[in-house]
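Subject: Handover of a structure and its findings

Dear colleague,

Please find below the structure that I am handing over to you. The findings follow directly after it.

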Amino acid sequence: MSDAFEVKICCMGAGYVGGPTMAVIAKMCPKVRVCVVDLNQKQIDAWNTDNLPIYEPGLLDVVKSSRGRNLFFSTDIDAEIIKADIIFISVNTPTKTQGIGAGRAANIKNCELCARKIAEVSTTDKIVVEKSTVPVRTAEAIRRVMKCNDKGLKFQVLSNPEFLAEGTAISDLTAPDRVLIGGSQTPEGLAAAEFLAAVYARWIPRERILTTNLWSSECSKLVANAFLAQRVSSINSISALCEATGADVSEISRAVGMDARIGQRFLSASVGFGGSCFQKDILNLVYLCETYGLTECADYWNQVILMNNYQKKRFSEKMVAKMFNTVTGKKVSILGYAFKADTGDVRETPSMFVVRDLFAEGAKIHVYDPQVTRDDMWSEMQYTCGISPANTPKLDENVITSENALAACEGSHAIAVLTEWDEFKTLDYEKIYASMSKPAFIFDGRNILDHDKLREIGFEVHAIGKP
């Protein structure tokens with residue numbers, strides 16, 4: 001059966017990038033065999049069921065359309081590496097927590113381990129593709145590791161960064177703005193880049209497939225996320241000014257966004273950005289600038305992170321201040337824990353920091369999110385904030401997860417909307433208001449609610465950048 005396939009792909013890493021990317025490639029390229037491999041048996045088992053390990057709209061249908069036909073999930077890493085023509089490295093590259101560059105530099109240990117495994121078990125030449133977000137010049141490190149193989153094999157290393165947004169990943173993959181492929185500017189490197197481009201060209205117009213040198217490709221991903229995050233922090237800085245002066249940040253966003261040179265995307269003020277990419281990639285960019293002695297450049301991009309931290313802290317402090325400078329013993333309802341709608345991802349979610357701050361103030365917190373599990377909530381809080389039920393007394397009893405929004409809000413003193421789920425726009429707020437302690441507060445961290453209507457009901461409403 002395998003001989004019927006024109007190209008065989010192995011993807012090392014079955015997470016948020018590897019799984020959806022490979023599923024779409026398999027769906028769009030029926031003559032390409034795709035296998036996603038991972039050391040985590042539980043993760044692979046979940047990919048082979050209808051209860052996928054990640055939530056992404058439309059993903060299950062895409063997986064089911066190809067699974068067992070030309071899309072496979074396996075823990076037999078060695079066998080799949082041997083079969084493959086192209087091997088994608090799509091593993092986690094977290095920010096270092098200790099050592100040189102701690103708190104800023106990316107840890108590429110997992111990428112190096114993949115490179116060593118590929119060199120160890122391969123029996124034929126391979127094209128190896130960086131899919132993980134990595135520092136500039138990581139491809140060179142991968143190339144050097146694999147060049148040391150004692151079998152005389154040749155490996156061409158390409159950079160093919162992902163530009164996915166969680167919640168719209170399937171449409172981003174099926175109709176991308178661009179596909180970027182970076183390779184060595186040698187005949188062999190250019191041929192490898194063209195081989196990969198031909199896979200994407202099976203469904204993506206060739207003019208949207210860009211080829212560059214390796215370093216430009218690696219740097220482009222960091223810069224793209226830095227620019228997007230910069231826009232979020234820019235409008236959030238203006239939201240603070242609006243609250244101080246009486247201006248309306250939504251009106252300013254609309255006026256500014258109508259300028260064709262600026263555009264309307266990423267100009268919605270909020271409690272702050274989260275997710276696995278923005279902060280990590282900016283910190284990586286900061287570290288690169290520091291490494292090359294570009295101190296002013298590093299300081300410039302680091303300010304994007306500082307502004308985001310300020311916005312999250314400002315939101316928590318405003319909640320306490322408006323509730324008579326104390327939330328001790330008060331029930332506070334948190335609607336939304338994922339870092340954005342249409343995902344269950346909680347990495348660097350602003351909700352986590354608000355919950356942490358309110359817990360420290362003595363609040364009794366009830367959290368509802370349609371896609372986030374309690375285990376995921378604790379796991380991220382432990383990883384990012386160092387807080388868990390095991391090391392923090394009363395955390396487990398004072399942070400409750402509710403099965404629905406009404407249960408989370410019943411009897412509360414305040415509601416904070418922190419994820420822009422559509423269901424929060426249409427809740428029965430009259431019923432919720434009737435059950436709450438008075439005065440009843442709503443803090444809209446996403447500016448998605450009808451504030452005038454809520455005030456008519458009786459709520460005291462506070463929003464981002466609103467008078």
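A cavity, on a 1 Å grid over the protein atoms alone, is a set of points where a 1.4 Å probe fits but cannot get out, and lining residues have an atom within 4 Å of a point. Grid points are joined across faces, edges and corners, and a volume is the space filled by probe spheres set on the points. This is a predicted model, in which local features need pLDDT of at least 70, side-chain atom pairs count only at pLDDT 80 or more, and totals for chains, interfaces and linings use all residues. Residues are numbered from 1 along each chain as its sequence is written, and side-chain values use heavy atoms, with hydrogens and water left out.

Cavities. The structure holds three cavities of 30 Å³ or more, and the largest cavity has about 40 Å³ of space. Its lining consists of Glu243, Phe315, Lys318, Phe443, His462, Ala463 and Ile464. Helix H12 (295-322) and strand S14 (460-463) are the elements that give two or more residues to this lining; helices (H or I, at least four residues) and strands (E, at least two) are DSSP runs, numbered from the N terminus.

A helix pair. Which residues of H1 meet H3? They are Pro20, Ala23, Val24, Ala26 and Lys27, and their partners in H3 are Leu59, Val62, Val63, Ser65 and Ser66, where contact means heavy atoms within 4.5 Å. The axes of helix H1 (residues 18-28) and helix H3 (residues 59-66) come within 9 Å and cross at roughly 50°. Axes are lines fitted to C-alpha atoms, for helices over the stretch in contact, and angles run from 0 to 180 degrees between N-to-C directions. H1 and H3 are therefore oblique to each other; angles under 35 degrees count as roughly parallel, over 145 as roughly antiparallel, 65 to 115 as roughly perpendicular and the rest as oblique.

Loops. Proline 439 lies in the loop between helix H17 (429-435) and strand S13 (441-444), and the peptide bond to proline 439 from lysine 438 is cis, with omega near -5°. Asparagine 325, in the loop between H12 and strand S9 (331-335), has a positive phi of about 65° although it is not a glycine. Asparagine 447 is found in the loop between S13 and helix H18 (451-457). Leaving aside neighbours within four places in sequence, asparagine 447 is in contact with Val249, Ser250, Ala269, Ala463, Ile464 and Lys466.

Yours sincerely

Key
On a 1 Å grid over the protein atoms alone, a cavity is a set of points where a 1.4 Å probe fits but cannot get out, and a pocket is an open set with protein on both sides within 12 Å along at least five of seven lines; lining residues have an atom within 4 Å of a point.
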